[in-house]
Amino acid sequence: MHIGLYFGSFNPIHTGHLIIANHVIEYTDVDKIWFVVSPHNPLKDSDTLLNEFDRLHLINLAIENNPKFRASNIEFQLPKPSYTIDTLTYLTEKFPLEKFSVIMGSDGFQNINRWKNYEQLTRQYSFIVYNRKGFDITETYGAKITRLNAPVLEISATYIRDQVKASRSIRYLVPDVVAEYIAGSKYYKAKQ
């Protein structure tokens, strides 16, 4: 089985993430997508992160009716901060019959040479890269890349968090069930 690993903070998961994941399922040979929740991205500030179990729960709410999607807490049990190469090495050992590919935007791929052991990563694993405006891939670092022109929404988790803090609606930015849970739990209202 071919599994696409969609890594991210998902703070919170939003419609843009889901559209990209669905596009990958429809336009590649990926059988399932695992949304891999990163407890702490070493290249991002962790002060604004909602607890990883809460972010995992929001993903489960968002994808509950799609059997091709799965929320993964695999990085919760690995050393922090989370490094993609360590997660992939662990998954490859645990699931030797599965093929894993990394799903990411072209903006993120441009920084792959800043990742831990990126040479090993690009040599051993394939990438499904969706194009982001203004971020053309000129250097592949030897990686096997499938490029996608997925519909990309110009919304961000930061914008969503700011909307919540300002008591503005996030309807249509996230699935309704996620918006309702965020409101009921008062997530992002005060510093977490």
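Predicted model: local features only at pLDDT ≥ 70, side-chain atom pairs only at ≥ 80, totals over all residues.

Author: Residues are numbered from 1 along each chain as its sequence is written, and side-chain values use heavy atoms, with hydrogens and water left out.

Reader: Which residues have the most contacts inside the largest nonpolar core?

Author: A nonpolar core is a set of buried Ala, Val, Leu, Ile, Met, Phe, Trp, Tyr and Cys residues joined through side-chain atoms within 4.5 Å; buried means under 20% relative accessible area, exposed over 50%, and partly exposed in between, with a 1.4 Å probe and protein chains only. The largest such core has 37 residues, and those with the most contacts inside it are Tyr6, Ile33 and Phe35.

Reader: Which residues does Tyr6 touch, not counting those up to four places away in sequence?

Author: Contact means heavy atoms within 4.5 Å. With residues up to four places away in sequence left out, Tyr6 touches His17, Ile20, Ala21, Ile33, Trp34, Phe35, Val36, Ile103 and Tyr130.

Reader: How many residues are in the second, separate core?

Author: Ile3, Trp34, Ile112 and Tyr125 are included in this second core. Its residue count is 21.

Reader: Why do the buried residues of helix H3 line one face of the helix?

Author: Helices (H or I, at least four residues) and strands (E, at least two) are DSSP runs, numbered from the N terminus. In H3 (residues 84–94), the buried residues are Thr84, Ile85, Thr87, Leu88 and Leu91. The arc is that of the directions from the helix axis to the C-beta atoms. Seen down the axis of H3, its buried residues line one face because they fall within an arc of 160°.

Reader: Is Thr87 buried or exposed?

Author: Thr87 is found in helix H3 and, leaving aside neighbours within four places in sequence, is in contact with Phe7, Ile74, Glu75 and Leu78. Because its relative accessibility is 1%, Thr87 counts as buried.

Reader: What is the relative accessible area of His14?

Author: His14 is found in the loop between E1 and H1. Not counting residues up to four places away in sequence, His14 touches Ile155, Ser156, Ala157, Ile160, Leu173 and Val174. His14 is buried, with a relative accessible area of 6%.

Reader: Which helix gives the largest share of the lining of the second largest pocket?

Author: On a 1 Å grid over the protein atoms alone, a pocket is an open set of points where a 1.4 Å probe fits, with protein on both sides within 12 Å along at least five of seven lines; lining residues have an atom within 4 Å of a point. The second largest pocket is lined by 13 residues, of which Arg168, Ser169, Ile170, Ala179 and Ala183 lie nearest its centre. The largest share of this lining, five residues, comes from helix H7.
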